[in-house]
Amino acid sequence: MTRRVKVTVQTLVDMKQRGERIAMLTAYDFATALLEDRAGVDAMLVGDSVGMAVLGYENTIPVTIEEIVHHLRAVARSRPRALLIGDLPFMSYQAGVADAVRSAGRLVKEGGAEAVKLEGSKRMEPVIRAIVDAAIPVMGHVGLTPQSLHQMGGYRVQGREPRDAERLVDDAKLLESYGCFSIVVEGTPWQVAKRITESISIPTIGIGAGPHCNGQVLVVNDLLGMNDEFAPKFVKRYAEMGKQMASAFEAYIDDVKSGRFPDLDHSYSTD
C-alpha cells in the first residue's frame with residue numbers, strides 16, 4: 001500500500017469540504033495501531049474507552065491521565081500517518097483552565113498526541129479557548145457524553161425531544177465558535193446528527209448517530225467482536241475475534257495437556 005501523506009487537523013476539515021468521508025477508530029496499543037494505519041484509517045483516538053475495553057473498569061470515570069498517556073505512547077510509537085488524538089479523562093480538565101491546559105499539554109508532550117478530545121459545551125468555553133490558545137487542537141464531543149453518565153442517568157440516547165435536539169445543535173455551534181476543529185456526535189437520533197452536521201463548517205464524527213455525519217468512529221474492540229456481551233445497536237461487527245481467540249486458546253491448552261505441543265518440529269536440536 002502506498003504510504004499516505006500525514007493527516008492533520010486541516011486534512012479532516014478539508015475532507016468535509018470535499019465531501020470525503022472520515023474513518024476513525026480507537027487504538028490502545030502499538031500492534032493494533034500499526035494494523036489500523038496500514039489499512040488507511042484517517043484518525044486514531046486513544047479514548048478513555050480504554051477503561052472499559054482494556055482495563056476492566058465498569059465505565060470511563062476511573063481512567064487517569066497517566067493511563068491515557070501510557071497508551072498514547074504505545075500508539076505513537078507506531079508513527080501513524082493517521083491523526084493521533086488523545087482523550088482527556090474525567091477530572092483532568094473540569095476543575096479549571098490551568099488543570100485543563102496542563103493535562104492537554106501532557107497528552108501532547110508526554111504521550112505524542114497531535115490533538116485532544118474533551119466532552120461538554122457551554123461551560124467548557126474557557127477551557128477550550130485556553131487549550132487552543134496553547135496551540136493544541138481540540139475535538140469537541142456532544143450528545144451522549146460518557147463522563148456525564150451519572151448526571152444523565154446512564155447511557156441514554158440524547159436529543160429525542162425537540163428542545164433537547166435544539167440544545168445539541170446550539171452546543172455544536174458553540175464548540176465551533178470556541179475553536180474546535182471537529183466534533184464527535186454520540187448517541188443521538190440520526191435526524192439530529194444530520195442537522196448538526198449541516199449547521200457547522202467543521203467535521204462531525206458520529207458514533208451511534210446515523211449515516212449523515214462527516215465521519216464515523218468505533219471502539220476497535222467492538223468492531224472486532226471481542227466482547228459477546230456488548231452489542232449496542234450502533235455497532236457493526238466486522239470480525240468475531242473473541243470467539244476465534246477463545247477457540248485458539250482452547251486448542252493450545254488441549255495440545256499442551258495431551259503432549260501434542262511442542263513436538264520436534266517446534267523444537268531446537270544439536271548440530
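A: Let's start with the second largest pocket, which has 20 lining residues, with G120, R123, T145, S148 and Q151 nearest its centre. A pocket here is an open set of points on a 1 Å grid over the protein atoms alone, where a 1.4 Å probe fits and protein lies on both sides within 12 Å along at least five of seven lines; a lining residue has an atom within 4 Å of a point. Keep in mind that this is a predicted model: local features need pLDDT of at least 70 and side-chain atom pairs need 80 or more, while totals for chains, interfaces and linings use all residues. Numbering runs from 1 along each chain as its sequence is written, and side-chain values use heavy atoms, with hydrogens and water left out.

About 380 Å³ of space lies in this second largest pocket, a volume being the space filled by probe spheres set on the points, which are joined across faces, edges and corners. Its lining splits into 5 nonpolar, 10 polar and 5 charged residues. (Nonpolar means Ala, Val, Leu, Ile, Met, Phe, Trp, Tyr, Cys and Pro; charged means Asp, Glu, Lys and Arg; the others, Gly among them, are polar.) At least two lining residues come from each of β5 (138-143), α7 (149-152) and α8. The protein chain has 11 helices and 8 strands.

The largest nonpolar core has 52 residues, and L88, L107, L118, I131 and I196 have the most contacts inside it. Helix α8 (residues 162-178) gives the most to this core, with 6 residues. A core is a set of buried Ala, Val, Leu, Ile, Met, Phe, Trp, Tyr and Cys residues joined through side-chain atoms within 4.5 Å; buried means under 20% relative accessible area, exposed over 50%, and partly exposed in between, with a 1.4 Å probe and protein chains only. In soluble globular proteins, nonpolar side chains tend to be buried together. Take L88: beyond four places in sequence, this residue touches I65, Y93, S103, A104, L107, V116, K117, L118, I131 and Q147, where a contact means heavy atoms within 4.5 Å. There is also a second, separate core of 16 residues, including L12, A43, A115 and V217.

A135 has a phi near 70°, a positive value in a residue other than glycine. A135 counts as exposed because its relative accessibility is 67%.

What about the largest pocket? About 1000 Å³ of space lies in the largest pocket. The largest pocket has 39 lining residues, with E186, I207, F230, P232 and F234 nearest its centre. The elements giving two or more residues to that lining are α3 (50-53), β6 (182-186), β8 (215-218) and α10 (220-223). By class, that lining has 19 nonpolar, 11 polar and 9 charged residues.

Finally, step back to the whole chain. Of its 271 residues, 46% are buried. The C-alpha trace spans about 70 × 40 × 40 Å along its principal axes. Among contacts between residues at least 6 apart in sequence, 59% join residues at least 24 apart.

Key:
Helix = DSSP H or I, 4+ residues; strand = E, 2+ residues; numbered from the N terminus.
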